[in-house]
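Subject: Structure handed over, with notes on what was found

Dear colleague,

Please find below the sequence and structure that I am passing on to you. My notes on the findings follow directly after them.

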Amino acid sequence: MTKRLKYTLRAPLTDSGTISTAGTVTTVSVNYAYVSFVVPGTPRPQGSMRAFRKRGKTIVTSDNRKLKPWRKQVAEYAMIAMHSHGKTCMQGPVDVLLKFYFARPKSVSVMKRPVMTVKPDIDKLIRSVCDSMTGVVYRDDAQVVKVTALKQYTLDLECVEVWVQGALP
């Protein structure tokens, strides 16, 4: 499924595909692919990695024990969304929009803390979700050129909402 997006170019394209120097403004329609899905559960941050030696071998592991099941769950929901849309891994640059929803602790009122300014850090939440989608939604998380993220309290289900779309040139 593709969506149509309109944006304005200052210098319109000529019939040969080059940009003319005319000062007129024109609108061009662009097709782009997108996928969206919701992953229920408490979003988990991808923290620092920890290394230690065991029987002469170096073992590297995450300092968050709940990260591996969370990343697996995100990858499964991403795979379901990709297959239901009949898509394969996206090629080229992509934009990612993430909305993280957390339950408000009973000890914290809306007046006391109207926005979520406590851990987990949003950059670590982004890293865990983007790394989970590697090889499923896009080939490599290096393809992500723009990330928009929000973390907030919810009265409803703890989850993360994910939108990934092809980036405009």
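The largest nonpolar core has 28 residues, and those with the most contacts inside it are Phe100, Val129, Met133, Val137, Tyr138, Val162 and Val164. Two or more residues are given to this core by each of β2 (26–40), α1, β5, α2, β6 and β7. A nonpolar core is here a set of buried Ala, Val, Leu, Ile, Met, Phe, Trp, Tyr and Cys residues joined through side-chain atoms within 4.5 Å. Buried stands for under 20% relative accessible area, exposed for over 50%, and partly exposed for the range in between (1.4 Å probe, protein chains only). Helices (H or I, at least four residues) and strands (E, at least two) are DSSP runs, numbered from the N terminus.

The model is a predicted one, in which local features need pLDDT of at least 70 and side-chain atom pairs count only at pLDDT 80 or more, while totals for chains, interfaces and linings use all residues. Residues are numbered from 1 along each chain as its sequence is written, and side-chain values use heavy atoms, with hydrogens and water left out.

Overall organisation

The protein chain contains 2 helices and 7 strands, which run β-β-β-β-α-β-α-β-β from the N terminus on. Of its 169 residues, 33% are buried. Among contacts with a separation of 6 or more, 75% join residues 24 or more positions apart; a contact means heavy atoms within 4.5 Å.

Strands β5, β6 and β7

Strand β5 pairs with β6 in the parallel sense over 10 bridges and with β7 in the antiparallel sense over 8 bridges. Two strands are taken to pair if DSSP finds at least two bridges between them.

Phe102 is located in strand β5 and counts as buried because its relative accessible area is 6%. Beyond four places in sequence, the contacts of Phe102 include Thr42, Pro43, Met116, Pro120, Leu125 and Lys151. The C-alpha atoms of Phe102 and Gly41 are separated by 9.0 Å, although the two residues are 61 residues apart along the chain.

Lys151 lies in strand β6. A polar atom of the Lys151 side chain is 2.6 Å from the backbone oxygen of Val118, and the side chain also reaches the backbone oxygen of Pro120 at 2.7 Å. Pro120 itself belongs to the loop between β5 and α2, and the peptide bond from Lys119 to Pro120 is cis, with omega near 10°.

Helices α2 and α1

The buried residues of α2 are Leu125, Ile126, Ser128, Val129, Cys130, Asp131 and Ser132. Their cover includes α1 (67–84), β5 (94–103), β6 (144–154) and β7 (159–166). Ser132 sits in α2 (residues 122–132) and is classed as buried because its relative accessibility is 6%. A polar atom of the Ser132 side chain is 2.6 Å from the backbone oxygen of Ser128. Outside four places in sequence, Ser132 is in contact with Arg71, Val74 and Ala75.

Met79 is in helix α1 and, at 41% relative accessibility, is partly exposed. The C-alpha atoms of Met79 and Val137, 58 residues apart along the chain, are separated by 7.4 Å.

A further backbone feature

Arg55 is found in the loop between β3 (49–54) and β4 (57–62). Its phi is near 55°, a positive value in a residue other than glycine. Arg55 is exposed, with a relative accessible area of 81%.

With kind regards

How values were computed
Polar contact = N/O pair within 3.5 Å; in protein donor to acceptor, adjacent residues only side chain to side chain.
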